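Dear colleague,

Please find below the structure that I am handing over to you. My notes on it come directly after.

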Amino acid sequence: MEKRFDVVALGELLIDFTQNGTSPQGNPLLEANPGGAPCNVLAMLQKLGRATAFVGKVGDDMFGRQLRQVVEAAGIDLTHLVMDPAAHTTLAFVQTFPNGDRDFSFYRDPGADMLLTADEVPGDAIARSRIFHFGTLSMTHLGVREATKKAVARAKGAGVIVSFDPNLRPPLWTDLEDARAQIAWGLGQCDVLKIADNELEFMTGQTDFDRGAAMLQAQYPNIRILNVTAGAEGSYSYYGGKRVLVPSVKLDGTIETTGAGDTFCACVLDFVLEHGVDGLSEDDLTAMLRFANAAAYLVTTRKGAIRSMPEKAEVEALIGRVTG
């Protein structure tokens, strides 16, 4: 089957409200940043010259229309974005701490993204992609969970590489055991995994990354490339008995970490598109992580995600600066 897209992603598209100064009266001013992990990933892939498409749902409201305009401007195909006149676009309010970490409050009960149905999943577009990417925000509720599982099944049936990022957001789950079960399902489906340190601990009980990764590799032999992101410490890649650690870029300038993990994930998928998942060396894995870490750092120096993705030349220049 001829491939039309490099990466198709399914999931949430929303507005991240982040504080950006205060008013003359001393009230916080909130900036409406377009976001949502799957589209963040696609936005970075577009910067890297890849052809991408998004599957999801927003409200046919001012925020949904803003999102559509921004995502189209990023070059992402939105043929399969549903505009729902009866639902509100999901909103996230992001509190940023001095170290760049965040806390989220979601307005999503219901939000349009969780109302995507299995009938709205474009099986042909997914089958005609090289990689299908998803997370767990599209698995918090039964309807959109059914849509996600249909999409994954279509991808696997067509021999498409499956990428998974748990992207655990505890406030969105009524039961964290349900979250654990859905993450476990995703782990059992994917070829490429990006998992954050806190999510690794959530799933394995291990704070030692090597032990946690080994547990996942033993339980889910389908995972070909397992990457662990550890914030300021850097990132790890586990592949075919190999283990590579690349420290993070440690420069001043971090404002917030929104979109950093998604940027990292996109760069890994770009690497997979270029090199595949077979026969990778430690040097390959090191180059993959180095580029992904550098791109993720650049995003932390800017507010928001979709509109903040760096150009490839910026990432390469930063790598030259920190390694040369």
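The model is predicted, with local features needing pLDDT of at least 70 and side-chain atom pairs counting only at pLDDT 80 or more, while totals for chains, interfaces and linings use all residues. Residues are numbered from 1 along each chain as its sequence is written, and side-chain values use heavy atoms, without hydrogens and water.

An open sheet of 9 strands has the order β5-β4-β1-β8-β9-β10-β11-β12-β13, with mixed pairing. Strands (E, at least two residues) and helices (H or I, at least four) are DSSP runs numbered from the N terminus; strands pair if DSSP finds at least two bridges between them. Because β5 (77-84) and β13 are edge strands with a single partner strand each, one side of each has no neighbour in the sheet.

Strands β12 (residues 235-239) and β13 (residues 242-246) pair in the antiparallel sense over 5 bridges. Tyrosine 239 lies opposite lysine 242 in β13. Their hairpin has 2 residues between the strands, and glycine 240 there takes a positive phi near 50°.

Helices α4 (residues 142-157) and α5 (residues 176-187) pack at an angle of about 15°, their axes 12 Å apart. Axes are lines fitted to C-alpha atoms, for helices over the stretch in contact, and angles run from 0 to 180 degrees between N-to-C directions. The two helices, α4 and α5, are therefore roughly parallel (angles under 35 degrees). Their contact (heavy atoms within 4.5 Å) is made by Arg145, Lys149 and Val152 of α4 and Asp178, Gln182 and Trp185 of α5.

Kind regards

Technical notes. Parallel < 35°, antiparallel > 145°, perpendicular 65-115°, else oblique.
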